[in-house]
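I have opened my notebook and want to get to know this structure step by step.

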Amino acid sequence: MGDRETRCNAGGQFMDRGRMNQNGVVQPLLTDLYQITMAYAYWKSGKTDDHSVFDLFFRSNPFHGEFTIFAGLDECLRFLESFHYSESDIEYLRRTLPEGTENEFFDYLGDLTAKDVTLHAIDEGTVAFPRVPIIKVEGPLIIAQLLETTLLTLVNYASLMATNAARYRMVAGKHVNLLEFGLRRAQGPDGGLSASKYSYTGGFDGTSNVLAGKLFNIPVKGTHAHAYITSFSGIEELKARLLKHKLTAGVTGDLLELAIKYRQKLSTVLNVSMEESSEGELAAMVSYAIAFPDGFMALVDTYDVKSPAKSTNSNNITAKTVTKAVISKSNAKNLSDKRSTDINETKLPITTTSAGINMTNGWTVHPNGNIDNINNAVSTSTENDTNKNDQNMNNNNAQPHDSKYHACMSQLSQRSLSNLCKKTEKSFRSGLLNFCAVALALNDLGYQAVGIRIDSGDLAYLSCLARETFERVAERFKVQWFNKLTIVASNDINEETILSLNEQGHKIDCFGIGTHLVTCQRQPALGCVYKLVEINGQPRIKLSQDVEKVTMPGHKNAYRLYSSDGHALIDLLQKVSETPPEVGQKVLCRHPFQESKRAYVIPSRVEPLYKIYWQNGKITQKLPTLELVREKVQKSLKTLRNDHKRTLNPTPYKVSVSDNLYNFIHDLWLQNAPIGELS
């Protein structure tokens, strides 16, 4: 058994290897078959000594944005360190390659390493842009070719994930915590681990993924699921009720008894009847608080508890009992003539949820007084929902000021709406009442609760309600730390959700984001490519009718030119033989393919983008820790103007070539482009 097999754990996954942790599946056979068949064809053609240069780059930025975060370099370098075909690899290839493949080729593979490769790259965590190579690989043609697929798989998802996380960080703002909750929704265990690592790189504050925490030293965070609440049905199930005082030795308190006492007081303060709270929920929270008195954070939206005197969840209600609702112009667009007529003339079955009053005709009456189409619920918006809403808007011709609209609105009373909205809060009110009771009980014993998590409903409204409740409790019971309780929100949150919540003035302190983050909902792949640009000192160009797919030939250097205000102004590609641009000296920057697009730039600072990271069989730079890469991301983003980073219609960042390189590209293009013939 080879050295790699002895180092790999039973699952073939990550293992301790000094500087950081190496994924055991990242090995030479993690590649496409054609790389190995090409290597054999190169070998048969006597091209083992040919010297090649490959560029690894992407053609467009992801997520309709204008920047990309480069990530994955550390794993690429560890791959080069360990590149070696083991005995079992060679035996497998003997069985797999076509019959007639010469044995000497397998002997050649058995001795192959990456010692003759030189790898140039930009720093990991740096902002990168289309067409500028983020990695350049120099070396013998066969080994450089064999690296292609593995380098691409290590860079593509890592960079996409880090970019996605950085975008979430920008829209959330620097004062809101972001937690990655995506392991259960990620594309397998490797995808889940990579998502945790690179979301942290991009700016997230922690993860729920315990293994990622161990492997990458990422803060691990978590609360509990609804299952913990529903596992208790009453206070009689509590087997442990006593808790030692944190500061006073020998003093023990009955946490349940204290919580019940506070719940009675809070019922009056918060105007929530005892019948509205779940006994099982209270028992679960007491139990969890006893287990984690210094880390008590509770999920508060499990139950919708009705008092015996109240009606069932589904009720018939005439629209005449609901008048003067506040409807925003944007939501009014979703109202059709037919819906207006139906509301005036019929009884509408409704269902009470924590999100609002869900009517069967597709409306939601929110507790904050707004009415909108159920497809627009903030906490569950997706791209598909957006497309559906756009289609609905095209099909519905209702005008906000038509007579039926006004007739409908005139029938809505604020008082009746308020009564309806109280019903929508019930599941939340039960959890909030019980949480505050347990938190005050903990306070009597010297502990401070952490906060709550909201996993459903109108997140903006409920977070404001929770913050208002905490402030009221803090004032009434003279417990000032209640004002600082953390409010965590989850529930299928994406970038658009956060932007919408920002507009609504939410009071959320932390977002737990899973599916849309780790699956990169808006764009599932970055699309990095790996192209041969030079062999034996001769440039190579790939031509295409699609100009975007035409490669820029030759061995190149890249520089980032800065303006006098300190912002990155333009990236400039040059031939390696050219003199680098200098501060204060005018340089002509040209669009690679459009002759008329050109400009003189006088840089205030010039940053060479490439460093040699691998040469002569070893890493040549001191590699940063994950924390330092994370800091690099934020520093690099600060060099961009805000208009390059904005979510809506960002300004494209300019990538240019020198005048020398421009002429070189187009001369080579003409030399290689076939000449047509007309007859």
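My entries below go from the whole chain down to single residues.

**Entry 1: the whole chain**

I began by noting that this is a predicted model. I then looked up the secondary structure, and the protein chain has 24 helices and 30 strands. Next I checked burial: of the 679 residues in the protein chain, 55% are buried. I also looked at contacts between residues at least 6 apart in sequence, and 74% of these join residues at least 24 apart.

**Entry 2: aromatic rings**

How many aromatic pairs does a search of the whole structure find? I got 18. I picked out tyrosine 228 and tyrosine 288, whose ring centres are 5.3 Å apart. Their planes stand at 70 degrees, and the cut-off for edge-to-face is over 60, so I wrote this pair down as edge-to-face. The pair links distant parts of the chain, since tyrosine 228 belongs to helix 10 (residues 226–230) and tyrosine 288 to helix 12 (residues 279–291), 60 residues apart.

I then followed tyrosine 288 to another ring, that of phenylalanine 292. Those two centres lie 5.1 Å apart and the planes are at 50 degrees, so I call this pair tilted.

Tyrosine 228, at 26%, is partly exposed. Phenylalanine 292 is also partly exposed, at 43%.

Elsewhere I found one aromatic cluster, formed by Phe296, Phe435, Phe470, Trp481 and Phe482.

**Entry 3: charges over rings**

I looked for charged side chains over aromatic faces. The charged end of lysine 586 sits over the ring of tyrosine 600, at 4.6 Å from the ring centre. Arginine 630 lies over the face of tyrosine 200, and here the distance to the ring centre is 4.4 Å.

The axes of helix 8 (residues 188–202) and helix 22 (residues 626–638) come within 7 Å and cross at roughly 50 degrees. The two helices are therefore oblique to each other.

**Entry 4: a histidine in helix 24**

I stopped at histidine 666, which is placed in helix 24 (residues 659–672). Its relative accessibility is 19%; the cut-off for buried is under 20%, so histidine 666 counts as buried. Leaving aside residues up to four places away in sequence, I found that histidine 666 touches Pro592 and Phe593.

**Entry 5: two asparagines with positive phi**

Last, I looked up backbone angles. Asparagine 217 is not a glycine, yet has a positive phi of about 60 degrees. I located asparagine 217 in the loop between helix 9 (210–216) and helix 10, and at 62% relative accessible area it is exposed.

Asparagine 271 also has a positive phi, near 60 degrees. The place of asparagine 271 is the loop between helix 11 (255–269) and helix 12. With 54% relative accessibility, asparagine 271 counts as exposed.

Terms used. Residues are numbered from 1 along each chain as its sequence is written. This is a predicted model: local features need pLDDT of at least 70, side-chain atom pairs count only at pLDDT 80 or more; totals for chains, interfaces and linings use all residues. Side-chain values use heavy atoms; hydrogens and water are left out. Rings of Phe, Tyr and Trp (its six-membered ring) pair if their centres lie within 6.5 Å; planes under 30 degrees apart count as stacked, over 60 as edge-to-face and the rest as tilted. Helices (H or I, at least four residues) and strands (E, at least two) are DSSP runs, numbered from the N terminus. Buried means under 20% relative accessible area, exposed over 50%, partly exposed in between (1.4 Å probe, protein chains only). A charge sits over a ring if NZ of Lys or CZ of Arg is within 6 Å of the ring centre and within 35 degrees of the ring normal. Contact means heavy atoms within 4.5 Å. Axes are lines fitted to C-alpha atoms, for helices over the stretch in contact, and angles run from 0 to 180 degrees between N-to-C directions. Angles under 35 degrees count as roughly parallel, over 145 as roughly antiparallel, 65 to 115 as roughly perpendicular and the rest as oblique.
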